[in-house]
Amino acid sequence: MLVEYKDATICQQDGSTILTHVNFKVDEGEFVYLIGRVGSGKSSLLKTIYFELDIDEADEATVLGTNLKSLRRREIPALRRQMGIVFQDFQLLADRTVYKNLRFVLRATGWKKSEVDDRIEEVLALVDMKDKMLCLPHELSGGEQQRVAIARALLNRPKMIIADEPTGNLDPETATNIMEILRQISQTGTAIIMSTHNMPLLGRYPGIVYRCQDGKFEEITNDFNKIEIDKDLKQEQQK
């Protein structure tokens, strides 16, 4: 199990509680959605997974086999190398080309010089961005920047990718392209944990669905899929 929380309490940066009784698990190759309104706790939960926020109360809280309640700060860099993080606002280094953005990550995480160029080409090929290697971020569209952000997340061959509203700033067609890439990645065994407001995408790309609402956290996969099936039946009947 890559992530397992049992009866965990999630707090915000200021220490206030945002979610209680969180039971959450993620295994290899799973595509997991977090849904809920702005401020409902989705991002705070994701931050606990990549160690930006601490978990103080839980019967169990493990990420990549490590107990978060006894996690030491010096252990965090090695654990983060086993995950990739994709943000809504891309967070590329504006003064560096695509190539140098990716090289910066590889050099910082201990890759040999002789391996760097090959790995950069590999991940850019996966997101169809090899021809943009020498572009600066401002020369790319939003969708292209997000493809580069996904390539960056893949560099260290992560066991999971955490994507916080990765399609939030994108038009519907570009969002669909990004989802296709993430779906393909999950089929190779890398888990995807994605927060989103884009409900139509969940219908097109089914996964495990958890909802943050009114301080509660619950899995609603079966209920959500039933809603989608009912919608399809109604549309068929109206034709």
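Mentor: H3 and H4 cross in a right-handed way (right-handed if the near helix is turned clockwise from the far one by less than a right angle, left-handed if anticlockwise). Note that this is a predicted model, where local features need pLDDT of at least 70, side-chain atom pairs count only at pLDDT 80 or more, and totals for chains, interfaces and linings use all residues. Residues are numbered from 1 along each chain as its sequence is written, and side-chain values use heavy atoms, leaving out hydrogens and water.

Trainee: At what angle do the axes of H3 and H4 cross?
Mentor: Roughly 125°, and the axes come within 10 Å (axes are lines fitted to C-alpha atoms, for helices over the stretch in contact, with angles from 0 to 180 degrees between N-to-C directions).

Trainee: Which residues of H3 and H4 make the contact?
Mentor: Among them are Leu 102 and Leu 106 of H3 and Ile 120 and Val 123 of H4 (contact means heavy atoms within 4.5 Å). The residues divide into eight nonpolar, no polar and five charged.

Trainee: New topic: is Gln 146 buried or exposed?
Mentor: Gln 146 counts as buried because its relative accessibility is 0% (buried is under 20% relative accessible area, exposed over 50%, partly exposed in between, with a 1.4 Å probe and protein chains only).

Trainee: Where is Gln 146 found?
Mentor: In helix H5 (helices are DSSP runs of H or I, at least four residues, numbered from the N terminus). Leaving aside neighbours within four places in sequence, the contacts of Gln 146 include Val 86, Phe 90 and Ile 178.

Methods. Helices (H or I, at least four residues) and strands (E, at least two) are DSSP runs, numbered from the N terminus. Ala, Val, Leu, Ile, Met, Phe, Trp, Tyr, Cys and Pro count as nonpolar, Asp, Glu, Lys and Arg as charged, and the others, Gly among them, as polar.
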